[in-house]
Amino acid sequence: MSASVPLVDYLVLGGDPHLTAHECTACGARFFDRRNACAACEGERFRQVDVPTDGELRAFTIVSFAAPGVPVPFVAGVVDCGGTSVRANVVNTPADPQHVRVGMKLRLTTVPVGRDADGVEAVGFGFEPAS
Amino acid sequence: MAENVWIVGIHMTKFGKHPELDTLDLGAQAARGALADAGLRMRDVGVLAAGNLMNAAAGFGQQLQKQIGQTGIPVFNVANACATGATALRVAIMAVRAGETDTGLAVGVEKLSGAGLLAGGRRVAGGDTWAPQGRFGAVAALDGRIGTETMPGVFAQIGMEYDHKYGGADFELFARISEKNHAHSTLNPLASYQKRFTLEQIMGDVMIAYPNTRPMCSANCDGGAAAVVVSESKLRTLPLEQQRRAVKISASVLTSDPWQEACQVLPDVNTLTRHAAEQAYEQAGVGPDDLDLVELHDCFATAELVHYDNLKLCPPGGAVDLFNSGATWRDGSIPVNVSGGLESKGHPVSATGIANIWEVATHLRGEAGDRQIAGAQVGLAHVIGLGSACAVHILEKAAA
Ligand SMILES: [Zn+2]
């Protein structure tokens, strides 16, 4: 059995992969990166919350020209997961405007990133069409 | 109530490729051009604000002084992404308005020819084993794995988000916005590109980040721009000809983005622009209907659409209808980017926020030649630096 690590610390792997966020206990604002204080209300306390794995595509682009080493084309977008906006790639669908459209329903899935020298696999995430 | 502040000298270099000129040459050309236009010398200037992002830590302002006159005045080196030039101007205006000096000089310069794609993360090879790094605890580069960090991709999403919210915007509509700006550029001898494109050429060109093809993206180029601002009492000491050509700064506003739910995953260029526009109209005592021309930050065709709405040139959600009515073409009711915009005039980052003021001021002075908007009295200039910073200036023609 080989070990795996998440691409980012807000991705929880296992039987039910999902994202978590730091939620401000005072105002409910959510952040994926660690913060010193809440950008919305200056509150200093956060709790970990799970983010819904179903969402709707609110904005996207199909990137055809990127920095060296980034495979193209790929679909980058913003997914509204029950009121929490998530930055992600749209995966498991052709990267063309006939197959990707704003408003489409999506669900979270995991995406392999690669293995390191110890054979540990890094696992990322993306969103795929829900139907 | 502080005195009014006036532009008495302003200059923009030709935008494009300047292989024989370095950053200091372009800065000196812009600054000395603005001083000559004002009929003033460096020894008349009490504050210098200077911006150059590619050498932001190098003390560009002090280096520039060594080319144009070292008079010992305070120098403010500013960096505010694509709003750097406008921020330099804002600093000079604040110094004059505060009464620290009666004359200020603002300069913005960039050399970007051949710079390629800006601000896309690079995939640096990691170590032998995965180790979480940074504020997301990432074990590998995220650009391309979790969305995109490229500017064309970010602004593409901003345009598509507008379509999701209000509908009506598609690839062809965004391409038609680009068609307008390239058509406008044919009348601007200082633009990097003065080439008219057909809609088919624009849509059929190389796709960078859907729906932005290459001609729908701002052009990397070299250029500089500078402005001399004075207090109203200083203005009244200048020759009548200078007073006649002076342009009143009726509003000067700089904002950053207030927290919004999604701003951590997709930069919000809307809220801070709306705030800046509201404050500017309030300061100037004019409304969108009073504007004779607008230069707005069309870093990508997708951006121009959302800023019609943000600058309140249309009712909320009305940007597509506004464009489809033809209003933003140079013969329309509210001409937008008659300079050709960043898509054809070019976008030498730190120069852009003064160059768009030069464009508006030149029309208000009645000196815009073939592309003059007849009888222009009031104009607005807008820039966005992603991250974000937004500057909005409203300018008015001097009373005869
Ligand atoms: Zn809070």
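Predicted model: local features only at pLDDT ≥ 70, side-chain atom pairs only at ≥ 80, totals over all residues.
The predictor assigns the complex an ipTM of 0.96 and a pTM of 0.96. Within chain B the pLDDT averages 95, and 96% of the residues score at least 70. An exception to be kept in mind is the stretch of residues 121-125 of chain B, over which the pLDDT is below 50, although in the model this stretch has 14 contacts beyond near neighbours in sequence. Chain A contains 0 helices and 10 strands, so that its elements, read from the N terminus, run β-β-β-β-β-β-β-β-β-β. The C-alpha atoms of chain A fill a box of roughly 40 × 40 × 30 Å along the principal axes.

The contact between the two chains draws on 56 residues from chain A and 40 residues from chain B. About 4,100 Å² of area is buried between chain B and chain A, and carbon and sulfur atoms give 60% of this area. Between the chains, 19 residue pairs are in polar contact, with both residues at pLDDT 80 or more. On the side of chain B that touches chain A, the residues divide into 18 nonpolar, 12 polar and 10 charged. Two elements of chain B, helix 4 (151-166) and strand 5 (207-210), each supply at least two residues of this side, and the largest share, 7 residues, comes from helix 4.

Charged pairing across the contact is limited to a count of 1 salt bridge between chain B and chain A. This salt bridge is formed by E161(B) with R58(A), whose closest N and O atoms are 2.9 Å apart. E161(B) is also among the residues touched by N270(B), which contacts V306(B) and N310(B) as well when residues up to four places away in sequence are not counted. N270(B) itself is placed in the loop between strand 8 (247-256) and helix 9 (271-284) of chain B. The side chain of N270(B) makes a polar contact with the side chain of N310(B), at 2.9 Å. A further relation is found with I158(B), which is 112 residues from N270(B) in sequence, while the C-alpha atoms of the two residues are 9.0 Å apart in space.

The chains are also joined through strand pairing, in which strand 6 (residues 54-63) of chain A and strand 5 of chain B run in the antiparallel sense over 2 bridges. In this pairing, V63(A) has A209(B) of strand 5 as its bridge partner. Within chain B, strand 5 is joined by 2 bridges to strand 6 (residues 212-213) of chain B, and these two strands likewise run antiparallel. Here A209(B) stands opposite N212(B) in strand 6 of chain B, and A209(B) therefore has a bridge partner in chain A as well as one in chain B. Strand 5 and strand 6 of chain B form a hairpin with 1 residue between them. P211(B) lies in the loop between these two strands, and the peptide bond from Y210(B) to P211(B) is cis, with omega near 5°.

Other features of backbone geometry are found elsewhere in the model. In chain A, phi of N92(A) is near 60°, a positive value in a residue other than glycine. N92(A) is found in the loop between strand 8 (84-90) and strand 9 (105-115) of chain A.

Over all chains, the count of salt bridges comes to 19. One of them is formed by D37(B) with R245(B), the closest N and O atoms of the pair being 2.9 Å apart. This pair links distant parts of chain B, with D37(B) in helix 1 (residues 23-38) and R245(B) in helix 8 (residues 240-245), 208 residues apart.

Key. Residues numbered from 1 in each chain as written. Chains lettered and ligands numbered in written order. Heavy atoms only, no water. Contact = heavy atoms within 4.5 Å. Buried area = accessible area lost by both parts, 1.4 Å probe. Salt bridge = Lys/Arg side-chain N within 4 Å of Asp/Glu carboxyl O. Polar contact = N/O pair within 3.5 Å; in protein donor to acceptor, adjacent residues only side chain to side chain. Helix = DSSP H or I, 4+ residues; strand = E, 2+ residues; numbered from the N terminus. Nonpolar A, V, L, I, M, F, W, Y, C, P; charged D, E, K, R; others polar. pLDDT = per-residue confidence, 0-100.
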